[in-house]
Amino acid sequence: MFRRHIQATTVAVRWFSGKAFAREKPDAAAASAPAASSVSKSRDTLGRRLLSLIYPKRSAVITMRKWKEEGHVIRKYELNRIVRELRKLKRYKHALEVCEWMRIQEDIKLVAGDYAVHLDLIAKLRGLNSAEKFFVDLPEEMKGQPTCTALLHAYIQNNAYAKAEALMAKLSECGYLNSPLPYNHMMSMYISLGQLEKVPDLIIDLKKNTSPDLVTYNLVLSVYSSTKDVEAAEKVFLKVKKAKIEPDWLTYSTLASLYIKEGLNEKAASSLREMEKKISRKTRPAYSSLLSLHANAGDKEGVHGVWKKMKSLYPKLNDAEYKCMLSSLIKLGDLEEAENLYAEWESISPTGDSRVPNRLLAAYINQDRLQVAEGFYERIVQKGIKPSYTTFELLTWGYLKRRQMAQVLDCFERAIGSVKKWEPDEKIIKEMYKNLEEMGNIDGAEKLLVILRKAAYVTTEIYNVLLRTYAKAGKMPLLVAERMKEDKVELDEETSELMRLTSKMCVGEVSSFLS
């Protein structure tokens with residue numbers, strides 16, 4: 001049974017593999033230059049060759065085989081470092097190929113940490129089932145803390161929450177909870193699910209078996225930040241200091257966010273200053289967080305200062321960073337500057353990522369500047385950017401504000417058509433039907449039913465709204481009971497009453513959506 005309850009975790013894998021590598025080759029750093037730095041050197045290395053593959057279709061195995069044929073020796077610690085670099089770059093296919101190659105080499109002895117990394121990569125590339133099978137097939141001596149924790153992370157990453165909880169119980173039975181890592185994974189899961197009430201008991205259990213680390217404290221801080229409990233958050237921060245653990249930029253980011261929300265401007269400013277001291281060129285995501293925090297604080301000068309710093313540090317800023325700066329400028333009310341920034345992104349970015357223009361489109365919709373939004377949409381299309389679900393959803397809301405129902409239904413239909421599987425949005429459905437009902441718009445209500453039927457989402461309430469729309473228009477609908485039966489939708493009391501009410505009304509023109 002235990003074998004069936006397991007998966008992978010990026011953080012877990014990094015921790016375990018790091019420890020395992022350190023134990024196996026303590027002088028690895030001195031013995032070989034890091035793969036990342038080798039890229040910048042002129043000499044030819046295996047790391048340089050593997051990191052230069054870039055395209056997934058190219059084979060890491062062929063590269064290693066050729067390197068060996070040239071008479072070079074391939075050392076395990078060197079491959080471990082290369083795998084770490086590939087994972088940082090999200091080059092998971094090549095990283096997995098290296099792991100699989102290592103596994104079949106007779107002169108390379110693998111430890112549990114290596115298998116944890118391998119499991120994590122399988123979960124990412126081949127899915128949870130393959131990761132579970134990999135774990136089951138492992139030698140018994142390798143089914144220890146590293147691989148079990150990796151499997152726990154994989155369960156959480158794949159939303160297998162029940163399996164994660166069952167595995168956590170098994171880890172406790174086996175005495176594998178002498179590290180804060182599994183607890184951190186479970187806390188992250190509960191926080192993401194909004195089950196904050198489960199965190200305190202987890203912390204109590206953690207303290208019985210081990211000591212919290214900085215990740216633990218940062219997670220607890222995020223809980224108190226979400227509940228706006230300043231006093232509790234500050235107590236946690238004091239515990240960090242008392243434990244002689246050095247806070248990182250995320251610690252101060254969480255505190256600053258809480259202080260900003262609560263209007264504690266001096267404390268927020270102090271936390272932001274401390275945060276800036278903790279970030280560097282290597283902690284690139286921290287700058288986007290800093291941008292957002294300055295924007296939330298209404299600090300326009302701070303936002304521009306951070307953006308200027310980012311441009312000086314990085315030759316090319318990515319889409320996510322432009323998106324963050326756009327959001328910051330919009331939040332500050334500087335729409336003209338946001339438009340200029342978008343024009344800059346448009347002129348240099350080759351990605352065509354619709355999420356960037358969607359930020360500006362949302363601003364126009366929120367300001368009820370529908371005509372400007374329409375023109376901007378046309379600009380997006382002309383530039384060859386493919387509109388996404390969110391693009392059409394934003395336009396749907398824009399037209400809903402004006403009750404332009406023909407355009408509403410057209411955009412909504414295109415939104416659903418832009419995704420492989422649509423996740424029903426109750427809010428927008430209710431708002432559309434509310435307007436259609438109030439207007440007595442029978443054709444619109446029938447068209448929306450057809451759109452939702454194609455998306456495999458038809459409910460009793462949707463039919464009830466359709467009937468109420470007919471009642472508002474004073475018309476009798478046709479074949480409602482038959483259509484509900486075909487759609488496998490049950491009638492309720494309201495349905496029956498509405499059908500009785502509308503049956504006394506005159507039959508209107510047959511909707512074109514019924515033909």
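Select Tyr-433 and show what surrounds it. Leaving out residues up to four places away in sequence, Tyr-433 touches Ala-445, Leu-448, Leu-449, Leu-452, Ile-462 and Val-465. Touching, or contact, means heavy atoms within 4.5 Å. Tyr-433 sits in helix α26 (residues 426-439). Helices (H or I, at least four residues) and strands (E, at least two) are DSSP runs, numbered from the N terminus.

Is Tyr-433 buried or exposed? Its relative accessibility is 2%, so Tyr-433 counts as buried. Buried means under 20% relative accessible area, exposed means over 50%, and partly exposed is in between (1.4 Å probe, protein chains only).

You are looking at a predicted model, where local features need pLDDT of at least 70, side-chain atom pairs count only at pLDDT 80 or more, and totals for chains, interfaces and linings use all residues. Residues are numbered from 1 along each chain as its sequence is written, and side-chain values use heavy atoms, with hydrogens and water left out.

**Stop 1**

Now center on Phe-412. Which residues is Phe-412 in contact with, leaving aside neighbours within four places in sequence? They are Thr-396, Trp-422, Ile-428, Ile-429, Met-432, Leu-448, Ile-451 and Leu-452.

**Stop 2**

Draw a distance from Tyr-433 to Leu-86. Their C-alpha atoms are separated by 50 Å, and the two residues are 347 apart along the chain.

Next, pick Glu-85. This residue is in helix α6 (residues 76-88). With a relative accessible area of 15%, Glu-85 is buried.

**Stop 2: a polar contact**

Go to Asn-358, in helix α22 (residues 355-366). Asn-358 has a relative accessible area of 5%, so it is buried. What does its side chain make a polar contact with? The partner is the side chain of Thr-391, at 2.8 Å. A polar contact is a pair of N or O atoms within 3.5 Å; within protein, one must be able to donate a hydrogen and the other to accept it, and residues adjacent in sequence count only if both atoms are side-chain atoms. Not counting residues up to four places away in sequence, Asn-358 touches Ser-388, Thr-390, Thr-391 and Leu-394.

**Stop 4**

Select Ser-288 in helix α18 (residues 284-296). Ser-288 is buried, at 17% relative accessible area. Beyond its neighbours within four places in sequence, Ser-288 is in contact with Met-310, Glu-321 and Cys-324.

Then move to Ser-270 in helix α17 (residues 265-278). At 32% relative accessibility, Ser-270 counts as partly exposed. Ser-270 and Leu-255 are 15 residues apart in sequence, and C-alpha to C-alpha they are 9.8 Å apart in space.

**Stop 3: two loops**

Find Lys-244. Lys-244 lies in the loop between α15 (230-242) and α16 (249-261). Its phi is positive, about 55 degrees, although Lys-244 is not a glycine. Lys-244 is exposed, with 79% relative accessible area.

Now find Ala-456, in the loop between α27 (442-454) and α28 (460-473). Ala-456 is not a glycine either, and its phi is near 60 degrees, a positive value. Ala-456 counts as exposed, at 71% relative accessibility.

**Last stop: the whole protein**

Zoom out and color by secondary structure. How many helices and strands does the protein have? There are 30 helices and 2 strands. The C-alpha atoms fill a box of roughly 90 × 55 × 55 Å, taken along the principal axes. Of the 515 residues, 49% count as buried. Look at contacts between residues at least 6 apart in sequence: 65% of them join residues at least 24 apart.
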